[in-house]
Amino acid sequence: MDDEVEQSIHVLLSELRVSSRGDEAESLLQLEQHSAKLQQTLSSIPDETRTHTIDNYLTQIDAVTHPLAVAVMLNVMDVPTTSKDRQEWISNATMLFHNGNAMHIRNAIGIIAPLVQSYTRTLLTDKQPIRGVAALKSLISRVTDDNEYSCFHTEFSKLCIAARMYEFGDDIISKPIFKILAKASTAEGLMAYLLYKAIILIALNRLDDAIHALVLLLNYPADVNSAITIEGYKKYLLLKFIVDGKRLQFNKTMISKSNSIDEISGDFRISATVSRSCNAYFTFVSNLARDTDVDDLLSKSADTFIADTNMGLVKRCLVTAKCHRIHRLTKTFITISLQDIMQRARLDSEQEAQNLISKMIIEGTLSAQIDLAKGIVSFQEQSNQCFSEHVLEELEGHVNATAKLYDAAKSINSKFEEDQSVIKHKIKSNVNPSMDFDMSVE
């Protein structure tokens with residue numbers, strides 16, 4: 001690299017550092033102009049020399065004070081191909097996301113967003129998504145407001161899924177979105193986030209919340225024929241059967257019209273293109289809801305379900321259908337053998353019947369007793385309401401709050417009874433009302 005080029009880079013970096021505060025629109029404009037000039041200057045330098053040059057200058061810039069300057073440098077640098085330089089690039093980006101001035105980053109998200117996308121893409125390519133989850137969570141928590149979507153949310157949820165760190169992302173994706181940080185946000189990015197959010201909620205077994213996220217996705221006023229919409233509708237059909245399978249109603253006339261309103265819930269409209277793309281899923285779910293055999297359909301569509309990474313949900317649908325058939329037996333029989341359950345519910349074995357009934361009893365969806373010695377199942381009415389752990393915790397909180405209120409009221413009552421002015425007033429008025437807050441008879 002000749003002296004003229006080196007001097008030019010040095011001047012540009014100095015200007016970059018001055019204009020990287022990001023407080024004013026004029027500073028951001030200067031930052032973008034310097035970035036373009038730097039990109040043009042460095043394009044004449046070989047990749048290895050360029051990486052080495054930028055690394056040297058990066059050590060002179062504080063990521064906390066000048067996060068935008070560091071972001072510009074990393075963007076211009078591109079992702080190195082050599083292992084050592086690549087790891088150094090990832091480390092610099094990670095430190096920036098953790099420690100960079102939040103106000104400067106928020107004011108110049110258009111500069112940070114490409115870096116975040118390159119960062120995510122690099123970690124996914126290197127199969128190291130776990131390295132970036134904490135960094136992007138920190139970035140979101142520091143830069144965005146509560147209930148605000150940013151382009152960072154999409155990249156964060158993508159890494160959570162790849163790293164299988166669903167619970168780690170729960171507190172971010174569980175916040176409802178009331179506003180959007182428009183800078184660098186796109187309709188496609190928000191739709192992808194809603195799909196990723198649903199996938200995380202499915203992994204956490206919060207199926208109702210996942211359905212809600214998918215309904216938001218399918219109602220989003222964007223291109224209804226997008227691949228994201230199609231993938232969301234496939235998962236929606238499967239989830240809807242798992243959650244509401246027994247109550248699904250299908251209108252044959254509407255099913256024959258590929259451009260009709262959604263046949264299951266009426267929550268949204270589905271175009272003819274999306275409907276045709278999801279035909280295997282719709283046929284599978286509608287046959288399950290009608291209790292029609294789906295073995296042939298499953299064998300024909302298995303490759304499609306696997307390619308869409310939906311085979312796990314398909315298997316849950318099959319288990320749900322078996323549970324629904326067992327539930328129907330409770331309307332006819334009080335006692336029934338495991339062998340009869342196996343035959344009438346079309347199960348593979350008596351052991352499967354026992355396992356499913358045990359699972360339903362534990363989940364609180366079936367009240368029954370199993371006599372293993374005789375191989376008999378006795379169905380009972382579900383008179384006892386089963387409360388989830390969350391409901392019990394909430395109930396305990398209300399009880400504790402009531403107890404504190406009782407103690408406070410009793411304390412105030414005791415002070416009134418000991419107050420001399422109150423006693424004199426009672427004597428003068430010859431009134432003797434009960435001042436005992438505790439009206440229970442001991």
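Asp308 counts as buried, at 13% relative accessibility. Buried here means under 20% relative accessible area, exposed means over 50%, and partly exposed is in between, with a 1.4 Å probe and protein chains only. Before going on: this is a predicted model, so local features need pLDDT of at least 70 and side-chain atom pairs count only at pLDDT 80 or more, while totals for chains, interfaces and linings use all residues. Residues are numbered from 1 along each chain as its sequence is written, and side-chain values use heavy atoms, with hydrogens and water left out.

What does the side chain of Asp308 meet in a salt bridge? The partner is Lys234, at 3.0 Å, N to O. A salt bridge is a side-chain nitrogen of Lys or Arg within 4 Å of a carboxyl oxygen of Asp or Glu. This pair links distant parts of the chain, 74 residues apart: Asp308 is in the loop between α17 (295-307) and α18 (311-329), and Lys234 is in helix α13. Helices (H or I, at least four residues) and strands (E, at least two) are DSSP runs, numbered from the N terminus.

Lys234 is also buried, at 7%. Its side chain meets Glu231 as well, at 3.4 Å, N to O. Glu231 is partly exposed, at 23%.

The structure holds 17 salt bridges.

Next, the nonpolar cores, meaning sets of buried Ala, Val, Leu, Ile, Met, Phe, Trp, Tyr and Cys residues joined through side-chain atoms within 4.5 Å. The largest has 91 residues, and Phe284 is among the members that touch the most others. Helix α11 (residues 187-203) gives the largest share, 10 residues. A second, separate core has 17 residues, including Ile336 and Ile357.

Last, the sheet. There is an open sheet of 3 strands in the order β3-β5-β4, with antiparallel pairing; two strands pair if DSSP finds at least two bridges between them. β3 (335-337) and β4 (368-371) each have a single partner strand, so one side of each has no neighbour in the sheet. β4 pairs with β5 (residues 376-379) over 4 bridges, and the bridge partner of Ala368 in β5 is Phe379.
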